[in-house]
Amino acid sequence: MPVIQVDGQEYEVEAGKNLLEACLSLGLDLPYFCWHPAMGSIGACRQCAVVQYLNAEDERGRIVMGCMTPVTDGAIFSLSGDKARGFRQAIVESLMLNHPHDCPVCAEGGECHLQDMTVMVGHRDRHYRGRKNTHRNQYLGPLINHEMNRCITCYRCTRYYRDYAGGTDLAALASRDHVYFGRHSDGVLQSEFAGNLLEVCPTGVFTDKSLVHNYTRKWDLQSAPSVCVGCAMGCNTLPGERYGKIKRVHNRFNAEVNGYFLCDRGRFGAGFVHDERRLQYPGLRNNDGRYDAINHHEALQYMDRACAPGKVAGIGSPRASVEANFLLRTLVGEENFAPGFSDAEQPLVELVLRLQQDSRALVPDITTIESADAVLILGEDLTNTAPRIALALRQSVRNKAYEMAAELRLETWQDGAIRNLAQDQRSPLYIAAVADTPLDDVATNRISLAPDDIARLGNAIAANIAGQPNADLEQPLQEQVEMITTALAGAQRPLVLSGTGCGSTAVLAAAGQVADALCGNGVPAMLCLAVPEANSLGQALLTGCDAPGLAQLQQRAASGEFDTLVVLENDLYRRGSSAQIDQLLGAFQQVLVLDGLDNQTTSSATLALPAASFAESNGTLISLEGRAQHHYPVFQPHAERRPSWTWLLACMKEMQREEVRSLHHFDDITRACAATIPALAGITAAAPDHHFRNAGVRIPRQTHRYSGRTAMRADISVHEPRQPVDEESPLAFSMEGLNRDQPGALLPYVWAPGWNSNQSLHKFQAEVGGPLKGGTAGARLLQSGIGAGPGTFTAPAPFKAEPGRWQLVPRQRIFGSDELSALSPGLAELVQPGFIEICAADAQLLGVTEGDGLVVTKGITKGATEGVTTGVDNTLATLEARINDSMAVGCAGFSVGLAGVQNLRPLAPVSLRRAEGWQRRSPELIGSDRDAGPGGTHV
Amino acid sequence: MSDLIPIVSVAEAALSEEKAALSGLNAVLSEAELTAIDREISHVPYRSAAAIDALKIVQSHRGWVSDENLRAIAHHLEMSAAELEGIATFYNLIFRRPVGNKVILLCNSISCWIKGCDNLQKKVSEQLGVDLGQTTPDNRYTLLPVTCLGACDKAPVMMVGDDLHEDVTEQAVQTLFGDHGGGGE
């Protein structure tokens, strides 16, 4: 390792780093703006200037930029020399020429990297007395506020947005001191990852709109380590609370899960926590169907009476914690507990688990995904189902560029040089999907196929890789197979991705086959399978692969086996058609529902119990890579809201159940679960238990500058209540304690002396950009790569498009396809109405244009032109028509989870006809406004 | 810079964007323009590499590049409007607002400044009745400053349309613009 000299002191540093990284890793404070650990160096801002000396005799030295200077053995630098300090001061002063003095009204104030750096270089007095440049701000959508005057033109925003995240609608405009970062015209930023601009911008140009309108300074926020519940990715988050509201969600660094970035669903999707539909008190349904609020003792007694006779079934939830699900399973008995998937989804999630357990392939984390040098995606639209993976894939295609850079001996942090070198050369990324996906722009090729054909394609690739090609594919598809085989077989670290998103077990199985075939050739292949919800995989692990489904419970209830149903945090009306769920709930005499939000299921309950959200309770969630992660309450729940595990534990204590006699704390449940379920034995390692103390004290949720605690409730009462005591975790609702050197799972906020912004993170990392000093949060439960192989798989028959008949295929949307994102006010504005996507040729034959209505009916009509089904009303939905020429022939895409699609099921055969009397939302475009596309008709 | 971006309401912008995306954007550009742009595209490895030439071609036909034109060019070059906007606004001789029939480029760089370009500018402004950045009411001239015209040995210099005027004097300005009504605004 090279030894460098900095200000007379010798340090051993890691080879291949630049001086700025080396200094920060050594704990030396060197100011910077444009450099970012995830984005490398371009040397634009000139802020990290240091003096480099040729040798010991050189007394003058020369100024170099730290971020552009590789560390070499024997190099001599000075950070504190007058020349370097003066230069850095001058840079900040020049950046300040046009920077407004608006810190007191700026949302970034108190966590502003520019403030920190200005103080760090010692620039105090402004000499400039001229006019400052001012800009007009743009409307960038409901999530992000734009305040261009504050810009210091470090270019981090466009480098992140364009180069890193692949966005195309934010650019650097104009030149000289008129440079403006914005869109071509006002409008919503289109990237699914735009929210990271808030953390990437070193000052207050991009700020959180909901925070700006409901503001609290960083130092006044109470926060705790949390896990995003938006999808199954398990991104680590830091929600910040004040006055009982989640004010904002920031990224919590986890080197193996989300690195520095979140998606917008995760960042802006926590608004449901204080939605007005949150339940406050237990509600008992009275005779006229309304609910009477009762106190929690009455509620528990009612639960006890309902559950005591023992004829109880339980439906768990893939979005509730392992512990709550485990308690419900204990309450009702293993054979009476359904994991809470829809009947279509249950086999898919169980297959995902089986494939990951059986596969010889590695289940990758985010860093290994980024290292993949050839990628195949089968069926899954990752940007909309597990967005953070899509962002990682955008980095993986750059491995070609890094290869080229290595040949020229360019360091990987030479961002500008490497991008220039590679231009549009990328590592292979192949996508087979039902239609276009947002990753298409970095894909080598995207093929539109019906789900069964995707499975056949995967199967043929697997056979090809294994050296036993089967030649039953159509010619154009066979060519694709050859190309993809060559790409995957020639790779060092090939990655295969799929997921439950396209609704087909055959597609999942095919992905398993491809990954396994690669392993059979001795290549360390990776297999990554997406599941829909925060704890979907946890439910599969908890229940094994033979748990009853909803239909089975309904039949058993109808046969008199059950009286009572307990539903845990699950809106069942999202899991089946209204008729099916009505029938299910109707089969029970009483239905007890624990949930946070008033939804159709809670409205059907006999007794509804208000459950605390993820931000108000402890819980363990198991991500799609099988990582158990712990989330902690950020604040205490209001009113009679209790965490679900508290309700269930109290109920079972009330019932004097033997199983819970020795369970007193949340950790006891985790341990009992680990002891009972072998597959979950590892969950106790996810985080330290509540006895943990950091150097003898708790870890504070509040910063040392937390203010106004005595005044916060002064409008209610001048008596300050006692601070709540957290019996369930090592964190304190207090500013007292030690937020340093703790295990990675217990990081409630980042701050270090002189570093008030999120850039202080590097003080918590073992080395800058590396994992946390306290270790990476979470525990992997799946033993990667030890399976015996998934066994044989017979590909389905080729999909045949039939006249007048379409196969429904899911089209996922990042905002709205999940249950919770549409409840956040900002995201709600971006949620579109439900739609049906068909190709232009089909649209022409159906006589619809974009924006017209389409009636979806089940069964088959004799011919599309007749468009009428006989007999009973088979209508499933009436939705807006969207024309998408990338749709696979014979398929119709439907917007999963959006309004109006409740009765539509993936892969169902349907008929379509034009809806009469449909009210268009937008004016009709005449036919010649659109070119007829290449999409083939079959009607 | 931002003053170059016409402010439209969000709803309008969204609607116009949607419309632009849907309707055949190529119809905005003339056949001659498209032919010329395609010729440039044939010389470069990426379509977007013809961006500057495409902007110049459209400007040569229309005098300036409107938002609609810009979106149409971006569409034709398979790049985003924001990317092309970044290029268009980087160059001060790509006009994103309407200009007069002739653009007066008055050099204010160091040589011309030593030789008294400030007085020349006052004279031009007085003759035409417009300040820097303004267009005469009869739409004949737009007066703009420029950093260098590459003729420092003949300073002060100015361009009127395509003609370079060297060693410009106040008298010369008087002669050039003397017949213009002036005092417009």
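Modeller: Two strands pair if DSSP finds at least two bridges between them. Strands (E, at least two residues) and helices (H or I, at least four) are DSSP runs, numbered from the N terminus. This is a predicted model, where local features need pLDDT of at least 70, side-chain atom pairs count only at pLDDT 80 or more, and totals for chains, interfaces and linings use all residues. Residues are numbered from 1 along each chain as its sequence is written, while chains are lettered from A and ligands numbered from 1 in written order.

Colleague: How many helices and strands does chain A have?

Modeller: Chain A holds 25 helices and 36 strands. Its radius of gyration (taken over C-alpha atoms) is 29 Å, close to the 30 Å that the globule rule (2.2 Å times the number of residues to the power 0.38) gives for 939 residues, so chain A is as compact as a globular protein of that length.

Colleague: How do I read a sheet? What is the strand order in the open sheet of 5 strands?

Modeller: Strands of a sheet pair through backbone hydrogen bonds, either parallel or antiparallel. Here the order is S20-S19-S18-S21-S22 in chain A, with parallel pairing. S20 (445-448) and S22 (526-530) of chain A stand at the edges with a single partner each, so one side of each has no neighbour in the sheet.

Colleague: Which residue stands opposite Gly499(A) in S22(A)?

Modeller: Ala530(A) does. Strand S21 (residues 494-499) of chain A is joined to S22(A) by 5 bridges, and the two run parallel. On S18(A), 4 bridges pair it with S21(A), again in the parallel sense. There, Ala374(A) has Pro494(A) as its bridge partner. S18(A) also pairs in the parallel sense with strand S19 (residues 429-433) of chain A, over 4 bridges. In that pair, Leu376(A) stands opposite Tyr430(A).

Colleague: And side chains? Which residues of S18(A) point one way, and which the other?

Modeller: In a regular strand the side chains alternate between the two faces of the sheet. Ala374(A), Leu376(A) and Leu378(A) point one way from S18(A); Val375(A) and Ile377(A) point the other way.

Colleague: Is S18(A) buried or exposed?

Modeller: A residue is buried if 20 or more other C-beta atoms, placed from the backbone, lie within 10 Å of its own; 12 or fewer means exposed, and in between is partly exposed. In strand S18 (residues 374-378) of chain A, 5 of the 5 residues are buried, so the strand is largely enclosed by the rest of the structure. Across chain A, buried residues make up 57% of the 939.
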